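Student: I have a model open and want to go through it with you. Can we start with the charged side chains?

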Amino acid sequence: MNNPSIDTLKSNYFEIQNLDSHFNQYYHLTSLYSAVIETYRSDLEKPYFKISYFSPENIGHSLIDEGTLLCRMADRPLHQHDFFELMFVLQGEAVVKIEDTERVYPSGTGCIVNCNLRHVELLSNDFQIFFLNLSKSYLLSLFHSDNIFHLPPQESGQAVSVFRFLDQNASAAGNVEKEYLDFFPSYNNLSSYQKLYQFSEEIVKETLSPQVGSSFYISFLVCRMLDLISDPEHFHLSKVQIDYGNDFLIFTRLTHLLEESDGRLSRHELSDALSYSGDYLNRITKKYTGMTLFEYGTAFSLRKAEQYLLKTNYSVSEIISRLNFTNKSHFYKLFFSKHHVTPKEYRSKYRV
């Protein structure tokens, strides 16, 4: 197993847009489907994060156990993608940040997010998580097949909430709804977890060792998994909608401007670009980040400085100049306040 950088690890399995963004990255699935198992252990002498990836075109395993890279992994930005993600906690407890809310998922529980939600798994608890990633084209071909139900849906005895959720989200042109399905086992029904685990295990096994008819069998397993989650005898299922108004849209635009400028736009410049007063922009920044507009912009500047220190040979003076700081002492003060080391000490300590 290798110990790659965070960027390399992600790029091994997905095509990623906005790779340098700390606000929102965008993942593209190159396969019809993929299964991923993520494991995080912090209770060992040497903590590690492991990812195993299984798709028809690519099988891969990566291990991160180096301290600096684990810290960077813990600081991963929110991301969204052009596929649907079913997350199921196999062991431990996962804390998932979905937009601006943190949700706790114990073993046996999970969620299904649509393509419009920004989210990330936090490294706050030890866990092993199974992900099933399903492309829109795969789902549409599956759902619109005449053979998806041997019996008509109303005679199958099962609710079809998950199918409806995925079909509606995949079919809707220009869909901007931010919503996901939350599921957890029915009370004292241990078989729910066991059956879901078996389906996930079979999908991985069949992808690892494909045979004649494997694509049909995997489609069967996917349908059975979705049907199981829809069955109220096994799981409680609820749809969660996130409604963001004008404030969040403006905040998103503000964030993109700060990312593009490395945080070096003044309040006046941002006000002109967005046609909103500086006081209003400061207020919504405080609302979504807890920081003032100045502090939020400074965070982008320092993040860019960190990238320069770790990935280039620019001198500290060159970095200060590139970031348009006119007062070197002010830059040093901001940097030391965040890291408690000088820029040179930061480069020496963390550069791989």
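Student: Is R41 buried, partly exposed or exposed?

Tutor: R41 is partly exposed, at a relative accessible area of 30%. The classes use a 1.4 Å probe on protein chains only: buried is under 20% relative accessible area, exposed is over 50%, and partly exposed is in between. This is a predicted model, in which local features need pLDDT of at least 70, side-chain atom pairs count only at pLDDT 80 or more, and totals for chains, interfaces and linings use all residues. Residues are numbered from 1 along each chain as its sequence is written, and side-chain values use heavy atoms, with hydrogens and water left out.

Student: Which residue forms a salt bridge with R41?

Tutor: D43 does, with the closest N and O atoms 2.8 Å apart. A salt bridge here is a side-chain nitrogen of Lys or Arg within 4 Å of a carboxyl oxygen of Asp or Glu.

Student: How many salt bridges by that rule?

Tutor: The count comes to 10.

Student: What does E99 pair with?

Tutor: E99 forms a salt bridge with K178, and their closest N and O atoms are 2.9 Å apart. The two are 79 residues apart, with E99 in the loop between β7 and β8 (101-106) and K178 in strand β12 (residues 178-185). Helices (H or I, at least four residues) and strands (E, at least two) are DSSP runs numbered from the N terminus.

Student: Are E99 and K178 buried or exposed?

Tutor: E99 is buried at 1% relative accessibility, and K178 is buried too, at 15%.

Student: And what does E179 meet in a salt bridge?

Tutor: E179 meets K239, at 3.9 Å from N to O. E179 is in strand β12 and K239 in strand β13 (residues 235-242), so this pair ties together parts 60 residues apart in sequence. E179 counts as buried at 7%, while K239 is partly exposed at 48%.

Student: What about R347, where is that?

Tutor: R347 is in helix α13 (residues 343-350). R347 is buried but has no salt bridge; E318, the nearest side chain of opposite charge, is 7.4 Å away. For that search, Lys and Arg count as positive and Asp and Glu as negative, with His and the chain ends not counted.

Student: Which backbone oxygen does its side chain reach?

Tutor: The side chain of R347 reaches the backbone oxygen of T312 at 3.1 Å.

Student: Last topic: how many cavities of 30 Å³ or more?

Tutor: The structure holds 1. A cavity is a set of points on a 1 Å grid over the protein atoms alone where a 1.4 Å probe fits but cannot get out, and lining residues have an atom within 4 Å of a point.

Student: Which residues are closest to its centre?

Tutor: Of the 20 lining residues, the closest to the centre are F14, Y27, E38, I51 and R76. α1 gives the most to the lining, with 3 residues.

Note on methods
1 Å grid on protein atoms, 1.4 Å probe; cavity = no way out; pocket = protein on both sides within 12 Å on 5 of 7 lines; lining within 4 Å. Points joined across faces, edges and corners; volume = space filled by probe spheres on them. Polar contact = N/O pair within 3.5 Å; in protein donor to acceptor, adjacent residues only side chain to side chain.
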